[in-house]
Amino acid sequence: MKEFGERVKKELNEQGKLQKDLCDHLNVKKSTLSEWLNGKNEPSMKYIVEIARFLDVSTDYLLGIEN
């Protein structure tokens with residue numbers, strides 16, 4: 001899910017949001033988010049949905065199904 005991490009990073013950057021903000025929203029440690037963004041671990045569907053809501057994008061976009 002490398003594309004997932006790249007898209008989350010891109011959206012955070014474009015929206016001027018910090019990874020810390022996303023961690024706080026999800027109530028996860030920075031190390032957990034880092035593993036997701038670097039493809040070392042995969043978030044559960046619950047977190048994928050919450051990340052999409054936080055970034056106001058679709059889960060399909062985050063997962064690389066659509067642009």
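Let us begin with Arg7, which is found in helix α1 of this predicted model. Is Arg7 buried or exposed? With a relative accessible area of 10%, Arg7 is buried, because the limit for that class is under 20%. If we leave aside neighbours within four places in sequence, the residues in contact with Arg7 are Tyr61, Leu62, Gly64, Glu66 and Asn67.

I turn now to the salt bridges, of which the structure holds 5. As a general point, side chains of opposite charge can pair when their charged atoms come close. One network of salt bridges links Lys10, Glu11 and Glu14. The side chains of Glu11 and Lys10 meet at 3.8 Å, N to O.

Another salt bridge joins the side chains of Arg53 and Glu50, at 2.8 Å, N to O. Here the residues are 3 apart in helix α4, again about one helical turn. Arg53 is exposed, with a relative accessible area of 59%, while Glu50 is partly exposed, at 25%.

Next, helix α3, which spans residues 30–37. Which residues of α3 are buried? They are Leu33, Trp36 and Leu37. These residues cover an arc of only 95° around the axis, and therefore lie on the same side of α3. The partners against which they pack are α1, α2 and α4. Just after α3, Gly39 takes a positive phi of about 75°.

A search of the whole structure finds 1 aromatic pair. That pair is formed by Trp36 and Tyr47 and is tilted, with 5.1 Å centre to centre and 45° between the planes. Because Trp36 lies in helix α3 and Tyr47 in helix α4, the pair ties together parts that are 11 residues apart in sequence.

Finally, a ring and a charge: the charged end of Lys17 sits over the ring of Phe54, 4.5 Å from its centre.

Definitions and conventions: Residues numbered from 1 in each chain as written. Predicted model: local features only at pLDDT ≥ 70, side-chain atom pairs only at ≥ 80, totals over all residues. Heavy atoms only, no water. Buried < 20%, exposed > 50% of the residue type's maximum accessible area, 1.4 Å probe, protein only. Helix = DSSP H or I, 4+ residues; strand = E, 2+ residues; numbered from the N terminus. Arc of directions from axis to C-beta. Contact = heavy atoms within 4.5 Å. Phe/Tyr/Trp six-rings, centres within 6.5 Å; stacked < 30°, edge-to-face > 60°. Lys NZ or Arg CZ within 6 Å of the ring centre and 35° of its normal. Salt bridge = Lys/Arg side-chain N within 4 Å of Asp/Glu carboxyl O.
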